[in-house]
Structures are given as C-alpha cells and as structure tokens.
Amino acid sequence: MQVVTAPPVYVLAGGQSTRMGQDKATLQLLETPFWRWLQLRLTAQGHAVFLLSAKEEHRHLDIPCIPEKRAGGGPLAGLEAALEHEDIGPVFLLSCDMPLLPIWALALLQENHLNAPDVPVVLQIEGRTCPTVGLYPQRTLPHVTMALDAGRRAMMPLLHELEAQNVEVSRDPRYQAAEFMNVNTPEQWLQLKTYTEQNRKKW
C-alpha cells in the first residue's frame, strides 16, 4: 500500500452567486466569513490552507491566495490552478459554501485515497456526489486542462472519465445533515445561520 503524507488543502472560493448577489466565500456565520471557518479548523489539524480565487480583493485576506488563470472557469479552473501550484502530491478541493464541513469527513476521503491513490476520491451526501469536496491526484491535471481547453466546465464528466471513488458520509454515525449544507440561496444561508446560532456553544 502506498503511504501518502497529509496533502495540502485548498479552499475553493464560493464565487459570485447569481441567486445571492454576493461573493459566497465572504458570507458570514457568527461574524466569521465562510473561508475563515474552514481555514481555522484545517490549520488546527496541521494542514496548509489556500484560497483559490481570481479576485484581487481576496489577495488582501489573511490567507495565502492562489489565483485562477481562467477567470469564470468555475470549480474546474480552480482545480487546475491548485494542481499546477503544487506538484508534490494530491490536493484537497473544498468549496467555501460548505463552511461547517467536519474534519472527520475529510479524513474518510484520505483513508480511501490510500487504497486508490491514482483516482479522485470525492464526497457523497445521501447519494448526491459533491465534486467540489474531493481529493484529486496529480494525474488529474492533464484531464482537467484538456476539458477546459475544449470549453467544458462540468466536473461530473471528468469524475466518470477518471473512475472516481465516492465516499458516502450519511451512513456514518457522526453524520449531521446541517454540517454538510452548501449555501446557494438566501434561504439556505438563513437556515445555516439559524443552526449555528442555536448551536453556538459547539462552535
């Protein structure tokens, strides 16, 4: 079995939401922006954390920023930038719009990666695949670049092409649906804010 040390972790900026009218990476819970929630928990575990973004204003945040060379290319462009930035091993791709994502779920992804180090390992929640929460090996890079060069931005076809593994977390006894909520609408943001306020002591 190949032994892999803890890879760097890259936090993907949520981007500008057309349904919310603002940058999802800087939305706040308990007066803390989404990206900061992820950064604090991951750095506490010894991971290197970066923000993937093409936005100039993000470079002034208290987090190393990796610029995307293909602005508007979506998560696939972010993945390309992350894989090009580090050539020493696999990278975690995380979406900022899932700020309460628990560390144990990432540990499950890494455990599965040890058994299949050459294919992407991505999160699955109640049967729904989440390509923006996954561990991607370096061999993914040429496939990502080819897709982007051909004008393709969808991640699911890439996962099928590379025979990615899905890790279902909802069967785990630690699973709480609210912690895996991704924010795409004002209603979801309000729901998540209500949850964190009601469980303030946990955070």
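Modeller: The lining of the second largest pocket consists of L30, T32, W37, L40, R41, L100, L101, P102, E179, K202 and W203. A pocket here is an open set of points on a 1 Å grid over the protein atoms alone, where a 1.4 Å probe fits, with protein on both sides within 12 Å along at least five of seven lines; lining residues have an atom within 4 Å of a point. This is a predicted model, so local features need pLDDT of at least 70 and side-chain atom pairs count only at pLDDT 80 or more, while totals for chains, interfaces and linings use all residues. Residues are numbered from 1 along each chain as its sequence is written, and side-chain values use heavy atoms, with hydrogens and water left out.

The pocket holds about 190 Å³ of space. That volume is the space filled by probe spheres set on the points, with grid points joined across faces, edges and corners. By class, the lining has 7 nonpolar, 1 polar and 3 charged residues. Nonpolar covers Ala, Val, Leu, Ile, Met, Phe, Trp, Tyr, Cys and Pro; charged covers Asp, Glu, Lys and Arg; the others, Gly among them, are polar. Helix 1 (residues 34–44) contributes the most to the lining, with 3 residues. Helices (H or I, at least four residues) and strands (E, at least two) are DSSP runs, numbered from the N terminus.

Take E179 next. E179 sits in the loop between strand 11 (165–168) and helix 6 (186–198). Its relative accessible area is 5%, so E179 is buried (under 20%; exposed is over 50%, partly exposed in between; 1.4 Å probe, protein chains only). Leaving out residues up to four places away in sequence, E179 touches M98, L100, L101, P102, Y195, K202 and W203. Contact means heavy atoms within 4.5 Å. E179 and P102 are 77 residues apart in sequence, yet 6.9 Å apart in space, C-alpha to C-alpha.
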